[in-house]
Amino acid sequence: MTNLLMQGVGMTSLRTRERLIQRLRDQGVTNMRVLDVLLNTPRHIFLDEALAHRAYEDTALPIGHGQTISQPYIVARMTEILLGAAGGKLNKVLEVGTGSGYQTSVLAQLVPNVYSVERIKPLQDKARERLRQLGLRNVQLRHADGGFGWPEAGPYDAILSTAAPQAVPDELLKQLAPGGVLVIPIGGREQQLHLILRDGETENYITQILEPVKFVPFLSGTSR
Ligand code: SAH
């Protein structure tokens, strides 16, 4: 796996990638495992050729169908929050909004079992091909409306949404394992990143509002 990922590294100078990692550190990302994975993940393969030269800028970029690949800072931050909140015992994670598959590939290098749902079929198809290229076999993809989660594969130690609903979807809360966490942007024009912890075996949830963010909207239904 590492070798395949490293082939990608050769295509962009290590200095360019290291500059990005330094930027993430300057913005407060501290988890070294997360930073290491971002350094070694070839973000350019998740973009169309015309935009690939901008892959190591710390910015969201269009991936077609009105969607964007998340900004490296937010990918690093959400992954760090997820790993930290779960106290290092993450086994199974659900992502809502596969998009390009970039966040998915970062998770797959840190968590044994990754499930990811995407409502736009052509995006999912491309993401599947990229994950295959990278040799990441611990990911299951599904074409579905993530508002319903993926109940058959749950419960999850953590759920991460890369699209922003107006309110927390109940179904996602229901699919959290005891002590599990949901990291999700909530809102419309103004969004806040929420960290929601299921309190042990109970149906009580503890919510923490983390920071303002900007994600594409969480939409219902699927598209082909
Ligand atoms: N993590 C992705 C982010 C893509 S943008 C990346 O870095 O590339 C968010 C994605 O969420 C879009 O692809 C959008 O189609 C998808 N999405 C929005 N609402 C959804 C829903 N209800 N179910 C599944 N996917 C959804």
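## The largest pocket

The lining of the largest pocket consists of 18 nonpolar, 12 polar and five charged residues. Here Asp, Glu, Lys and Arg are charged, Ala, Val, Leu, Ile, Met, Phe, Trp, Tyr, Cys and Pro are nonpolar, and the others, Gly among them, are polar. The model is predicted: local features need pLDDT of at least 70, side-chain atom pairs count only at pLDDT 80 or more, and totals for chains, interfaces and linings use all residues. Residues are numbered from 1 along each chain as its sequence is written, and side-chain values use heavy atoms, with hydrogens and water left out.

The volume of the largest pocket is about 530 Å³. It is the space filled by probe spheres set on grid points, which are joined across faces, edges and corners. On a 1 Å grid over the protein atoms alone, a pocket is an open set of points with protein on both sides within 12 Å along at least five of seven lines, a cavity is a set where a 1.4 Å probe fits but cannot get out, and lining residues have an atom within 4 Å of a point.

In total, 35 residues line the largest pocket. Thr68, Thr162, Ala163, Phe215 and Val216 lie nearest its centre. At least two lining residues come from each of strand S2 (67-69), helix H5 (72-85), strand S3 (92-96), helix H6 (102-108) and strand S4 (113-118). S2 provides the largest share of this lining, three residues. Helices (H or I, at least four residues) and strands (E, at least two) are DSSP runs numbered from the N terminus.

## The ligand

The largest pocket holds the ligand, in the sense that more than half of its atoms lie within 2 Å of the grid points. Around the ligand there are 26 residues, each with a heavy atom within 4 Å of it. Ser100, Glu118, Asp145, Gly146 and Leu219 come nearest. By class, this shell has 11 nonpolar, 11 polar and four charged residues. S2, S3 and S4 each supply at least two residues of the shell, and S2 gives the most, with three.

On its own the ligand has 580 Å² of accessible area, and the protein covers 99% of it. Such areas come from the Shrake-Rupley method with a 1.4 Å probe.

## The cavity

One cavity of 30 Å³ or more is found in a search of the whole structure. The largest cavity contains about 40 Å³ of space. Its lining is made up of Phe46, Leu47, Asp48, Pro62, Ile63, Ser100, Leu123, Lys126 and Arg130. Strand S1 (61-64) and helix H7 (121-133) are the elements that give two or more residues to this lining. H7 gives the most, with three residues. Five of the lining residues of the largest cavity are nonpolar, one is polar and three are charged. Ser100, part of the cavity lining, is also one of the residues that come nearest the ligand.

## Two backbone details

Gly154 and Pro155 are joined by a cis peptide bond, with omega about 0 degrees. Pro155 is in the loop between strand S5 (139-143) and strand S6 (156-161).

His65 is found in the loop between S1 and S2. Its phi is near 55 degrees, a positive value in a residue other than glycine.
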